[in-house]
Amino acid sequence: MHTVHTLYYIKKKRLQEKLSSSPISFSQFLVLAGFSCYGDTPVKQVSLAESLLLTEATLSRHIKVLSEKGLLIKRKDEDNKKLSMLKLSEKGKRIFEKTLS
């Protein structure tokens, strides 16, 4: 278990170094990373919160900031207007991929 934690902190430190010159924080990067499971398919906000192990309130704060930066596209679900559908914008994809490279 110690090895897993060590690897996690090494990777986290490297990502934080890359993000120091990026317009997003480490936490915001993790939200963008959550979209990698869904590809280009829009995802329900509640589903993304569950997959990231975040409360909807916490995710909502990140979504607001990421949307204002033009990194996410947020729309109401056509079948249920109470639900929000989310998708990475092209800018969001570029920043995420640049951070991983």
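This is a predicted model: local features need pLDDT of at least 70, side-chain atom pairs count only at pLDDT 80 or more; totals for chains, interfaces and linings use all residues.
**Exercise 1. The aromatic pair**

Find the aromatic pair in the structure and classify its ring geometry.

*Solution.* Start with a search of the whole structure, which turns up one aromatic pair. Its members are Phe29 and Phe96, with ring centres 5.2 Å apart and planes at 25°. Planes under 30 degrees apart count as stacked, so this pair is stacked. Finally, check burial, for which the cut-off is under 20% relative accessible area. Phe29 has 4%, so Phe29 is buried; Phe96 has 12%, so Phe96 is buried too.

**Exercise 2. The buried face of α3**

Work out which residues of helix α3 are buried and how they are arranged around its axis.

*Solution.* In α3 (residues 45–52), the buried residues are Gln45, Leu48 and Ala49. Looking down the axis, you will see them fall within an arc of 100°, so they line one face of the helix. Now ask what covers them: the cover includes α2 (26–34), β1 (43–44), α4 (56–68), β2 and β3 (84–88). After the helix comes Leu53, with a positive phi near 60°.

**Exercise 3. Lys76**

Decide whether Lys76 is buried, partly exposed or exposed, and list its contacts beyond four places in sequence.

*Solution.* First locate Lys76 in strand β2 (residues 72–76). Its relative accessibility is 48%, so Lys76 is partly exposed. Setting aside neighbours within four places in sequence, Lys76 contacts Lys81, Leu83, Ser84 and Met85.

Definitions and conventions. Residues are numbered from 1 along each chain as its sequence is written. Side-chain values use heavy atoms; hydrogens and water are left out. Helices (H or I, at least four residues) and strands (E, at least two) are DSSP runs, numbered from the N terminus. Buried means under 20% relative accessible area, exposed over 50%, partly exposed in between (1.4 Å probe, protein chains only). Contact means heavy atoms within 4.5 Å. The arc is that of the directions from the helix axis to the C-beta atoms. Rings of Phe, Tyr and Trp (its six-membered ring) pair if their centres lie within 6.5 Å; planes under 30 degrees apart count as stacked, over 60 as edge-to-face and the rest as tilted.
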